[in-house]
Amino acid sequence: MIDFSLPQETQMLLETLRRFIREELQPHEAEVEEKQYVRPELARELRTKAKELGLFAMGLPEEVGGGGLSTVDMCLCEEEFGFTKDALVRRAFGAIPTSLLNCVGEQRDKYLLPTVAGEINVALGMTEPNAGSDAAGIKTAARRDGDDFVINGSKHFISDADLADAFIVTAVTDPSKGAKGISAFLIDRDTPGFTIGRIQYMMGLRATNHCELVFEDARLPQSQMLGPEGSGLFQALSTINQVRLGMVGGRAVGMARKLMQLSIDYANERKQFGQKIGDFQMVQAMLADMATEIFAARMMVLNAAWETDQGMDPRAKVSMVKYYASEMLGRVADKAVQIYGGMGYCREMPLEQLYRDARVYRIFDGASDIHRAVIARSLLKNGEMSL
Ligand SMILES: Cc1cc2nc3c(=O)[nH]c(=O)nc-3n(C[C@H](O)[C@H](O)[C@H](O)COP(=O)(O)OP(=O)(O)OC[C@H]3O[C@@H](n4cnc5c(N)ncnc54)[C@H](O)[C@@H]3O)c2cc1C
């Protein structure tokens with residue numbers, strides 16, 4: 001028997017989260033979009049309130065101070081996050097790189113525990129101007145010099161870099177070993193030789209800034225290495241499934257549901273030719289397609305999340321989720337704008353924002369093309385029954 005019902009505890013958590021988003025975050029959306037930042041005092045207030053309700057760092061394990069949620073529950077929370085702005089979600093609930101869990105000894109006290117407690121922010125820097133999809137092709141180098149490492153190179157598009165107190169950064173420690181020659185380092189914001197470069201303004205996700213990082217002979221002691229030497233790429237990739245299922249899959253389903261709700265309301269209200277536009281079969285067809293695709297994506301997210309919780313490694317399914325959910329969101333956003341007509345294109349309605357925000361989901365955390373390649377490789381190697 002397959003039981004799709006949610007435990008009462010999960011239902012209560014989602015109820016609390018929905019109320020918090022409705023009462024504490026959504027009232028600030030217009031201001032955040034217009035000013036393109038979250039006021040620091042507002043960010044502090046939201047984080048304090050979220051922490052009081054146990055809503056901060058929910059996906060991190062309990063033993064480090066997190067909420068210890070399962071992957072399924074975290075995906076359901078991410079679905080709720082989709083009903084508000086990314087920047088507000090980050091400020092209120094945290095956006096913590098999971099590879100911080102590889103901290104050992106003093107690193108735990110300095111980076112991991114304060115981040116999970118919401119006292120400091122840590123950003124993840126892997127992408128470089130010449131190495132995005134090809135994460136193993138980075139050129140930022142960490143050269144050994146006595147007991148230290150000296151880092152030179154640059155990163156770009158690093159989310160929340162302007163607010164981060166510290167960074168996890170990948171750098172090549174042994175160029176002869178390819179992907180296995182890349183290590184991860186913990187870098188304090190004030191490290192000499194390290195600067196945060198310009199903000200790179202994006203089409204959407206306004207108020208979450210993305211920046212360049214520049215390393216010019218930045219010297220680090222060996223103790224700043226995160227995890228074993230040569231494991232930098234592996235660390236990032238071993239935790240990325242959670243991101244792809246939750247922050248992309250679950251979030252995309254939530255954003256699409258919001259677009260769907262707005263579209264239903266408008267189709268029921270807006271009149272042309274003396275009748276509601278929802279009476280026109282072509283508008284109905286758009287609504288039906290939107291709902292069907294959202295349902296399919298939601299089931300995919302939850303199935304792959306459940307398998308992850310069972311200790312399985314549904315890698316091809318995670319790629320299908322990342323690919324399908326993000327493309328579904330694009331199609332739903334496009335139809336929602338169409339249903340709203342000129343108002344969909346007008347900045348007075350939230351549709352154009354959501355349309356712009358939706359676009360990047362097909363690009364980051366592995367572009368659609370990369371995930372299609374992963375799915376196809378898995379099929380050709382393991383066959384259809386492997387799914
Ligand atoms: C808003 C935003 C936030 C981000 N935040 C972060 C962050 O916090 N930290 C971080 O490290 N990075 C971050 N990134 C970077 C992001 O992960 C990369 O943009 C993404 O991996 C794609 O890399 P790229 O932009 O260099 O595109 P490219 O890799 O240059 O790809 C360009 C095109 O070529 C296609 N392509 C490339 N290789 C193949 C292939 N083998 N087969 C078929 N098609 C291929 C791609 O699918 C794409 O269509 C962020 C990006 C954005 C836009």
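Student: Which residues of H5 are buried in this predicted model?

Tutor: The model is predicted, so that local features need pLDDT of at least 70 and side-chain atom pairs count only at pLDDT 80 or more, while totals for chains, interfaces and linings use all residues. Residues are numbered from 1 along each chain as its sequence is written, and side-chain values use heavy atoms, with hydrogens and water left out. Helices (H or I, at least four residues) and strands (E, at least two) are DSSP runs numbered from the N terminus, and buried means under 20% relative accessible area with a 1.4 Å probe and protein chains only. By that cut-off, the buried residues of H5 are Asp86, Ala87, Leu88, Val89, Arg90, Arg91, Ala92 and Phe93.

Student: Why is helix H5 described as largely enclosed, and what covers its buried residues?

Tutor: Because eight of the eight residues of helix H5 (residues 86–93) are buried, the helix is largely enclosed by the rest of the structure. Contact here means heavy atoms within 4.5 Å. The cover of the buried residues of H5 includes helices H1 (8–25), H2 (29–35), H3 (40–52), H4 (71–81) and H7 (232–269), together with strand E3 (148–159).

Student: Between which domains does the second largest pocket lie?

Tutor: A pocket, on a 1 Å grid over the protein atoms alone, is an open set of points with protein on both sides within 12 Å along at least five of seven lines, and lining residues have an atom within 4 Å of a point. Of the 16 lining residues, Asp3, Phe4, Val72, Leu302 and Trp306 are the closest to the centre of the second largest pocket, and the largest share of its lining, five residues, comes from H8. Domain bounds come from an automatic or database domain assignment; since both domains give residues to the lining, the second largest pocket lies between domain 1 (8–97 + 111–116) and domain 3 (237–386).

Student: Which element gives the largest share of the lining of the largest cavity?

Tutor: A cavity is a set of grid points where a 1.4 Å probe fits but cannot get out, and the structure holds one of 30 Å³ or more, where volume is the space filled by probe spheres set on points joined across faces, edges and corners. The lining of the largest cavity includes Ser99, Leu124, Ile168 and Gln235, and the elements that give two or more residues to this lining are strand E4 (166–172) and H7. The largest share, three residues, comes from H7.

Methods:
Buried < 20%, exposed > 50% of the residue type's maximum accessible area, 1.4 Å probe, protein only.
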